[in-house]
Amino acid sequence: MASKSKVEREYILNASPNVLFPLLSTPSGLSDWFCDDVNIRGKMFTFFWDGSQQEAEMIVKRNNHYIRFRWLDEEDPAAYFEFRLATDELTNEVALVIVDFAEEDEIEDALELWDAQIDKLKHNIGL
């Protein structure tokens with residue numbers, strides 16, 4: 001099996017990490033933009049989309065900074081997806097950095113999907 005490539009995309013959101021982080025880490029926040037619904041049991045997150053579901057384990061979380069997940073059905077042991085908030089110390093701009101992993105021939109599709117999801121997030125927070 002070929003390993004996946006790391007894909008990273010940064011989006012300027014200019015909203016407080018205190019406002020943004022719950023949208024990245026809670027069922028109500030995630031279901032506003034990332035999926036249709038989420039169930040959480042401990043570190044296990046079940047994401048629902050259009051009648052399908054996928055499970056991920058939350059690997060690490062630092063409040064108002066980042067949260068990292070690993071899909072349970074992921075075959076590449078190095079692959080994960082992460083939502084990271086970065087604040088520019090000079091401008092105070094807040095960016096959401098998405099880290100994901102994709103097969104070489106699926107990178108463009110993955111980036112387009114993240115762009116669409118983040119457009120939905122921006123719309124929901126009034127940007």
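Contact here means heavy atoms within 4.5 Å, and helices (H or I, at least four residues) and strands (E, at least two) are DSSP runs numbered from the N terminus. By these terms, helix 3 (residues 107-124) lies across strand 1, strand 6 and strand 7, at about 25° to strand 1, where axes are lines fitted to C-alpha atoms, for helices over the stretch in contact, and angles run from 0 to 180 degrees between N-to-C directions. This is a predicted model, in which local features need pLDDT of at least 70 and side-chain atom pairs count only at pLDDT 80 or more, while totals for chains, interfaces and linings use all residues. Residues are numbered from 1 along each chain as its sequence is written, and side-chain values use heavy atoms, with hydrogens and water left out.

- Seven strands make an open sheet in the order 1-7-6-5-4-3-2 with antiparallel pairing, two strands being paired if DSSP finds at least two bridges between them.
- Strand 1 (5-12) and strand 2 (37-41) are at the edges with a single partner strand each, so one side of each has no neighbour in the sheet.
- From one strand to the next, the twist averages 25°.
- Helix 1 (residues 17-25) lies across strands including strand 2 and strand 6, and runs at about 180° to strand 6.

**Strand pairs and hairpins**

- Strand 2 and strand 3 are antiparallel over five bridges, with Met44 of strand 3 as the bridge partner of Arg41; in their hairpin, two residues lie between the strands, and Gly42 in the turn has a positive phi of about 65°.
- Strand 3 is joined to strand 4 by six bridges, again antiparallel, and Met44 stands opposite Glu57 in strand 4; Asp50 takes a positive phi near 35° in this hairpin.
- Strand 5 (residues 66-71) and strand 6 (residues 81-87) run antiparallel and are joined by four bridges, and Arg68 has Glu82 in strand 6 as its bridge partner.

**Salt bridges**

- The count comes to four salt bridges, each being a side-chain nitrogen of Lys or Arg within 4 Å of a carboxyl oxygen of Asp or Glu.
- Lys4 and Glu74 form a salt bridge through their side chains (3.0 Å, N to O); Lys4 lies in the segment before strand 1 and Glu74 in the loop between strand 5 and strand 6, so the pair ties together parts 70 residues apart in sequence.
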